Amino acid sequence: MIPLVKPFLPPKENLIPRIEDILYSGYISEGEAVYEFEDKFSKLIGNPYCISVNSGTAALHIALLLIGAGTGDEVISTALTAEPTNTTIALTGAKILFADVDINTGLIDPKSIKNLITERTKAIMVVHYAGMVCDMDEINKISKKYNIPVIEDAAHALMSKYKGKYIGNNSAYTCFSFQAIKHMTTVDGGFLCLKNRDEYIRAKKLRWFGLDKKTARLKNNIKEAGYKYHMNNVNATIGLVQMEHLNNNVLKYISNGQFYDDSLKNASGVTLIPYYNNTEPSYWLYTLKVERRADFIANLQNNGITASPLHLRNDKHALFASKCKLINLDIFYEEFVHIPCGWWVSNEDRHKIVEVIKKGW
Ligand SMILES: *Cc1c(COP(=O)(O)O)cnc(C)c1O
């Protein structure tokens, strides 16, 4: 069975000696390995204000704390995402207003965002779902016009691009995840990329109780309570080794995704998803719309290929139950499906997948 998701771990001879060294180094918490990983990741993204944390969820939570979202505020978000996008908003006490999606892409619809803005809107949360980049030209315009910050949940979008640059350089807050099945895993981990130096300094305190790492522990003076969200040297060492393989791996996702874009464009019963101006996906999952989805999935299953949606639309959870009508999502949610696209999908696999789809179901 060709799976939809699969963790990549570097070859043992490459990874295990490095893990062993750090485990017995006498320094396993946040230290030099973390700072080296931050330095390398920041250079990759092209943004000096990137901080590591112990999950993508922690990155989202810190972003919301920096913005000051809380009870009485509203945050505009999307229901087509993994739950942490929205549980973190709920944790702050802010109310979630779900914008509808663009019927063609499943990504948050800027027009719907605009309709939900009130004087209580504290942030706009957008998700580059499956590695496809949202309509940032329009979202940036809205952010500027109404002076509302945007958080980009880029858990699926490592090395996706906007205006030729990697995601992580555009909005005031961009959050990455290194959870098991993402483009790159440190087992668990994440990054928050910022645009402002003062917020970068505050975010570092928020990830470690509110303490300033640069000041001696006995001289420290907490002014704002923080969390225990920092990354440790062990996860960072895994990240450093992963980065040696990252380009090669992500290029495989992209090459497979572009292969499907070309090979499936005239396949009957299939509608491909268009990409917005100035955006380039990194194809964490390959997403398409199909007729008679249950039959499509069963047919691929019979041919040894996993195909499926991945997340429950979040407004189906009692916690997020919403009165907002999401007419486009209602339609998109019944039609879309993901097919395997990642580093484990070989040239032979992808040809087989296209062949099975083109034969019909
Ligand atoms: C994985 C994921 C997260 C959270 O990341 P963790 O590292 O698991 O905390 C956030 N948003 C989306 C869309 C995700 O897929």
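How do the residues of the lining of the largest pocket divide into nonpolar, polar and charged? The legends below take up this pocket and other sites in a predicted model.

**Figure 1. Lining of the largest pocket in the predicted model.** Seven nonpolar residues, one polar residue and 11 charged residues make up the lining. The space in this pocket comes to about 470 Å³. Helix H2 (32-45) and helix H7 (197-206) are the elements that give two or more residues to the lining. Of the 19 lining residues, those nearest the centre of the pocket are Tyr-35, Tyr-200, Lys-204, Arg-207 and Lys-214.

**Figure 2. Lining of the second largest pocket.** About 230 Å³ of space lies in this pocket. Its lining has 18 residues, and Thr-57, Pro-84, Ala-155, Ser-177 and Lys-182 are the closest to the centre. At least two lining residues come from each of helix H3 (56-67), helix H4 (84-92) and strand E8 (173-177). H3 gives the most, with three residues. By residue class, the lining of the second largest pocket holds six nonpolar, nine polar and three charged residues.

**Figure 3. Met-159, a residue with positive phi.** Most residues other than glycine have a negative phi. Met-159 is not a glycine, yet its phi is positive, at about 70°. The residue sits in the loop between strand E5 (150-153) and strand E6 (161-162). With a relative accessible area of 6%, Met-159 falls under the 20% cut-off and therefore counts as buried.

Figure 4. Lys-163 belongs to the loop between E6 and strand E7 (165-166).

**Figure 5. Crossing of helix H1 and helix H8.** The pair consists of H1 (residues 12-23) and H8 (residues 233-263), whose axes come within 9 Å. The axes cross at roughly 155°. Because angles over 145 degrees count as roughly antiparallel, H1 is roughly antiparallel to H8. The crossing in which H1 passes H8 is right-handed.

Conventions
Residues numbered from 1 in each chain as written. Predicted model: local features only at pLDDT ≥ 70, side-chain atom pairs only at ≥ 80, totals over all residues. Heavy atoms only, no water. Helix = DSSP H or I, 4+ residues; strand = E, 2+ residues; numbered from the N terminus. Buried < 20%, exposed > 50% of the residue type's maximum accessible area, 1.4 Å probe, protein only. 1 Å grid on protein atoms, 1.4 Å probe; cavity = no way out; pocket = protein on both sides within 12 Å on 5 of 7 lines; lining within 4 Å. Points joined across faces, edges and corners; volume = space filled by probe spheres on them. Nonpolar A, V, L, I, M, F, W, Y, C, P; charged D, E, K, R; others polar. Axes fitted to C-alpha atoms, helices over the stretch in contact; angles between N-to-C directions. Parallel < 35°, antiparallel > 145°, perpendicular 65-115°, else oblique. Left-handed = near helix turned anticlockwise from the far one by under 90°.
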